[in-house]
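Please read it with the sequence and the model at hand.

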Amino acid sequence: MRASAFVVGPRDGAGTMLMDLAHAVGFESVQRYQGLARADRQVSKTPLVFFLCAPTKDVRSLKPMADAVRFSPSLKLRFLPLIYFAIDPSVDTVKQCIAMGFDDVIALPIGGVDVSDRIARQIGRIQTYYETSTYFGPDRRNRTGGPSRSTGSDHGGGQFRRIEIVRNPETGIDVISDDLQVVL
């Protein structure tokens, strides 16, 4: 696969397991995450880069990294997939990942074929992202267990952007549409 993976996590245990899993599913390059500057350089070599996050005792510890990606001034970085691997994903953990703009939460243990299928969902399909004053990430309306909302009030009023993208291993991120909307 012409894509790279950055593993976010410890050098042993879950981090090592995730490195091995990333190699097994066929990423062209697998590296440890060492900051966004390195990811920016990698995007020039392989335009599609995944951030694979190893399980952690407190998923909030990933917020600085997630914010660095999601609020990067570089469009080629801010739409890259963020995937969290959880040993025992609680509803609270999933909600926190959603709030940070993660694209997927995958429960461990999981085999290479199943991971490949989940990763394939991030490529070649139209993905809708929203940007508000406090959120940038995939469209996750009604996925937090809260009450259903009408599309006219998805963001509680105010201004928001609705951006449709397609991730492509050859070109990286292709923006299909970018609409600024105001809800009163």
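Strand β8 (residues 158-168) is joined to β9 by 11 bridges, and the two strands run antiparallel. Strands here are DSSP runs of E with at least two residues, helices are runs of H or I with at least four residues, and both are numbered from the N terminus; two strands pair if DSSP finds at least two bridges between them. The model is a predicted one, in which local features need pLDDT of at least 70 and side-chain atom pairs count only at pLDDT 80 or more, while totals for chains, interfaces and linings use all residues. Residues are numbered from 1 along each chain as its sequence is written, and side-chain values use heavy atoms, with hydrogens and water left out.

**The sheet**

- Strand β8 is connected to β9 by a hairpin of 3 residues.
- Arg 167 has Ile 173 of β9 as its bridge partner, and Ile 163 stands opposite Asp 178 in β9.
- Strand β8 also pairs with β6, through 6 bridges and in antiparallel fashion; here Tyr 129 has Ile 163 in β8 as its bridge partner.
- These strands belong to an open sheet of 4 strands with antiparallel pairing, in the order β7-β6-β8-β9.
- The edges are held by β7 (136-138) and β9 (172-183); each has a single partner strand, so one side of each is left without a neighbour in the sheet.
- On average, neighbouring strands of this sheet are turned by 25° against each other, direction ignored, where the axes are lines fitted to C-alpha atoms and angles run from 0 to 180 degrees between N-to-C directions.
- In a regular strand, side chains alternate between the two faces of the sheet.

**Aromatic pairs**

- The structure contains 9 aromatic pairs. Rings of Phe, Tyr and Trp (its six-membered ring) pair if their centres lie within 6.5 Å, and the planes count as stacked under 30 degrees, as edge-to-face over 60 and as tilted otherwise.
- The ring centres of Phe 6 and Phe 51 are 6.0 Å apart and the planes stand at 20°, so this pair is stacked.
- Phe 6 belongs to strand β1 (residues 4-8) and Phe 51 to strand β3 (residues 49-53), so the pair ties together parts that are 45 residues apart in sequence.
- Phe 6 has a relative accessibility of 1% and counts as buried, and Phe 51 is buried with a relative accessible area of 0%. Buried means under 20% relative accessible area, exposed over 50% and partly exposed in between, with a 1.4 Å probe and protein chains only.
- Phe 79 and Tyr 129 form an edge-to-face pair, with 5.2 Å from centre to centre and 80° between the planes.
- This pair links distant parts of the chain, 50 residues apart: Phe 79 is in the loop between α4 (75-78) and β4 (82-86), and Tyr 129 is in strand β6 (residues 126-131).
- Phe 79 and Tyr 129 are both buried.
- One aromatic cluster is formed by Phe 6, Tyr 33 and Phe 51.
- Arg 78 lies over the face of Phe 136, at 4.0 Å from the ring centre; a charge sits over a ring if NZ of Lys or CZ of Arg is within 6 Å of the ring centre and within 35 degrees of the ring normal.

**Cysteines**

- The count of disulfides is 0, a disulfide being a pair of cysteine sulfur atoms within 2.5 Å.
- The closest cysteine sulfur to that of Cys 53 is in Cys 97, 8.0 Å away, which is too far for a bond.
- Cys 53 is buried at 0% relative accessibility, and Cys 97 is buried at 1%.

**Individual residues**

- Ser 29 lies in strand β2 (residues 29-32) and is buried, with a relative accessible area of 18%.
- Leaving aside residues up to four places away in sequence, Ser 29 touches Ala 3, Ser 4, Ala 5 and Gln 42, contact meaning heavy atoms within 4.5 Å.
- Gly 26 is located in the loop between α1 (14-24) and β2 and is partly exposed, at 28% relative accessible area.
- Asp 20 lies in helix α1 and is partly exposed at 47% relative accessibility.
- Asp 20 and Asp 88 are 68 residues apart along the chain, and their C-alpha atoms are separated by 20 Å.
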